[in-house]
Protein chains: 2
Amino acid sequence: MAVYTDITEAELAAFLADYPVGRMHAYKGIAEGVENSNFLLHLDDASYILTLYEKRVAREDLPFFLGLMEHLAEKGLSCPLPIHRNDGALIGELAGRPAAVISFLEGMWPRDPAPRHCYAVGAEMAAMHRAGADFGLTRANALSLADWRPLWNASRDDARTLRPGLGDDIKGELAFLEANWPRDLPSGVIHADLFPDNVFFLDDRLSGLIDFYFACNDLLAYDVAVCLNAWCFSRDGAFDRASGRALLEGYESERTLTAGERAALPTLARGAALRFFLTRLYDWLATPEGAFVVKKDPFEYLRRLHFHRTVGTIADYGIDDEGDEAS
Amino acid sequence: MAVYTDITEAELAAFLADYPVGRMHAYKGIAEGVENSNFLLHLDDASYILTLYEKRVAREDLPFFLGLMEHLAEKGLSCPLPIHRNDGALIGELAGRPAAVISFLEGMWPRDPAPRHCYAVGAEMAAMHRAGADFGLTRANALSLADWRPLWNASRDDARTLRPGLGDDIKGELAFLEANWPRDLPSGVIHADLFPDNVFFLDDRLSGLIDFYFACNDLLAYDVAVCLNAWCFSRDGAFDRASGRALLEGYESERTLTAGERAALPTLARGAALRFFLTRLYDWLATPEGAFVVKKDPFEYLRRLHFHRTVGTIADYGIDDEGDEAS
């Protein structure tokens, strides 16, 4: 949650003059998104989100992110619609940063997700995977298998002091994943960061997906694996089979997992847990003590990784193991 | 700018059930106010601000702050209107903290105030002073003359290393202010923190005053002195006489300063500059290096204090010195 850049009302008015939008009534920096500066705009026609892209988002990736949102919104998914400038562009510049205006989605993210939320997010994710199939741009996943070893190497020396045996644990995990990562599964556009704070609900109905700034082309089932980690563990750290079942059944209500995807899910889930462990660990070590940011505990994801190691088949995530018969 | 406390949508729905307001569509933590956690609420009837009072605001002061906003709004001033709960109370409890819902004011605070803004804020402040005259509650200023010496003592040892001669400078200033502080000027309810970020404009018209959490009973002209410091210095640190004149003429369009107030203004302005120097200095020394908060330079206010020492009469602030004849 962050506003890194403030903007003057004169700068903002000049910026918005290039957009086909109403007159400005108010703008507030909002505590959402950890990578960019976000403002909620009240204009006289509607509310919008203004995003200033800070240095962690590469400018050359913006056409992919914004184009994807537009593509998905046009296909009927509830996600923010980027507003074109009067000259047709999706990206402007404000306060020396690339900036975009997107529609504001009403809704609230579930702080305490229940199985009904998991079912809805599973279904919407599958719909997104289908809708992304004919999107014209591609972007490699910048936080995938090949990136985890360098990420670990950057934290390794400081991290060893945090927990005895951590070095061997991660070394073994990297070796396992490098040897066993699936290669021939269906791939396409994935969200790659579909945590509860990126999914809005109104009256228990999913009202929107946001924050496509990790979206990329990768294995579709890896997105499912991210969500198993992000949505299906209870506060005490235990896997919740009812949530897992709901997520997977929701997904399959829109797209059937192949036998290969079902078989690979425990490995993909280990990889997803490792990815969030490593990025959180990196941020944890890089954040000074006493800084006013919420440091997210990386070891939460190490515990999830350890759970996935115990998983034999997809049945352990809550749904029938019928995929085995078909493989 | 801060959101210290997050709240779940279930907590918020339960909290709002006690208010006569519409159904919840969205809520966002906003980067506004340094003392409290603030959320912008989109309900189906209107937008509101929800404030959770963190530890720097004393619970026993809340009836004064919220009652004052209601009193002023009823008198026609544009300030947030606190919403009464169904049981009549203005203060509820949310996430273990006192909390209130107030109306959302459209408008934007001027990042680069011009004399027309200063005139408007002067006039609105005087209207506020008049409207506050029959407000029934009182609250002593917790950051007035008697509080400055203890505040300095708390920072003194660490502060001396920041600038040579600082100790003697502040010691001399405290002695001067304690000997010369005016005692018999008109007093009443003042805002006491009327900085640009607490004053909203729409199309150059003042649309609202916010953040009454330093409001108190004190000398009315002290509020003017705070604004001289907060509004009338240019970015290079020089006093801007056009802004000073506009502020004072705006004020006098609604309430005439007495001869005693005019004569005391330079002393009051020194005090106001010292107050903001001391609180910023305290925060500066208490904030760890590397923390992700904007540290406000305290020495900006020491330079303003030094300017006020050179002021002979109110004429140096930009308006005619007619008060001398009347005194």
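Predicted model: local features only at pLDDT ≥ 70, side-chain atom pairs only at ≥ 80, totals over all residues.
Chain A is divided into two domains, with domain 1 spanning residues 9-103 and domain 2 spanning residues 115-326. Taken over C-alpha atoms, the centres of domain 1 and domain 2 of chain A are 28 Å apart. Contact between the two involves 21 residues of domain 1 of chain A and 23 residues of domain 2 of chain A. The size of an interface is often given as the accessible area lost when the parts come together. Between domain 1 and domain 2 of chain A, the buried area is about 1,900 Å², and carbon and sulfur atoms give 69% of this area.

Polar and charged pairs also span this interface. Across the interface of domain 1 and domain 2 of chain A, 7 residue pairs are in polar contact, both residues being at pLDDT 80 or more. On the side of domain 1 of chain A that touches domain 2 of chain A, helix H2 (residues 62-74) of chain A gives the most, with 9 residues. The residues on that side of domain 1 of chain A comprise 11 nonpolar, 5 polar and 5 charged. The interface of domain 1 and domain 2 of chain A also holds 3 salt bridges. A salt bridge joins the side chains of Lys75(A) and Asp134(A), with an N to O distance of 2.7 Å.

Arg139(A) is placed in the loop between helix H3 (115-131) and H4 of chain A. Because its relative accessibility is 13%, under the 20% limit, Arg139(A) counts as buried. The side chain of Arg139(A) makes a polar contact of 3.1 Å with the side chain of Asp61(A). Beyond its neighbours within four places in sequence, Arg139(A) is in contact with Asp61(A), Phe64(A), Phe65(A), Phe214(A), Ala215(A), Cys216(A) and Asn217(A).

Two further buried residues of chain A were examined. Ala159(A) belongs to helix H4 (residues 145-159) of chain A. With a relative accessibility of 0%, Ala159(A) counts as buried. Its contacts, neighbours within four places in sequence being left aside, are with Trp152(A), Leu166(A), Leu281(A) and Leu285(A). Although Ala159(A) and Leu285(A) are 126 residues apart along the chain, their C-alpha atoms are separated by 7.8 Å.

His308(A) is found in helix H9 (residues 299-309) of chain A. The relative accessible area of His308(A) is 1%, so this residue is buried. A polar contact of 2.8 Å connects the side chain of His308(A) with that of Tyr317(A). Apart from neighbours within four places in sequence, the residues in contact with His308(A) are Asn229(A), Phe233(A), Pro266(A), Ala269(A), Arg270(A), Ala273(A) and Tyr317(A). Arg270(A) is also part of a network of salt bridges that links Asp169(A), Glu173(A), Arg270(A) and Arg309(A).

Side chains of opposite charge can pair when their charged atoms come close. Over all chains, the count comes to 44 salt bridges. One of the salt bridges joins the side chains of Arg23(B) and Asp203(A), at 2.2 Å from N to O. This pair crosses between chains: Arg23(B) is in the loop between helix H1 (9-16) and strand S1 (24-29) of chain B, and Asp203(A) is in the loop between strand S7 (199-202) and strand S8 (205-209) of chain A. Arg23(B) counts as partly exposed at 39% relative accessibility, whereas Asp203(A) counts as exposed at 57%.

Within chain B, Glu93(B) and Arg59(B) form a salt bridge in which the closest N and O atoms are 3.6 Å apart. The pair links distant parts of the chain, 34 residues apart, with Glu93(B) in strand S4 (residues 92-94) of chain B and Arg59(B) in the loop between strand S3 (47-52) and helix H2 (62-74) of chain B. Glu93(B) counts as partly exposed at 48% relative accessibility, and Arg59(B) counts as partly exposed at 46%.

A further salt bridge, with an N to O distance of 2.8 Å, is formed by the side chains of Glu300(B) and Arg304(B). Because Glu300(B) and Arg304(B) are 4 residues apart in helix H9 (residues 299-309) of chain B, about one helical turn separates them. Glu300(B) is partly exposed, at 27% relative accessibility, whereas Arg304(B) is buried, with a relative accessible area of 7%.

Note on methods
Residues numbered from 1 in each chain as written. Chains lettered and ligands numbered in written order. Heavy atoms only, no water. Domains from an automatic or database assignment. Contact = heavy atoms within 4.5 Å. Buried area = accessible area lost by both parts, 1.4 Å probe. Salt bridge = Lys/Arg side-chain N within 4 Å of Asp/Glu carboxyl O. Polar contact = N/O pair within 3.5 Å; in protein donor to acceptor, adjacent residues only side chain to side chain. Helix = DSSP H or I, 4+ residues; strand = E, 2+ residues; numbered from the N terminus. Nonpolar A, V, L, I, M, F, W, Y, C, P; charged D, E, K, R; others polar. Buried < 20%, exposed > 50% of the residue type's maximum accessible area, 1.4 Å probe, protein only.
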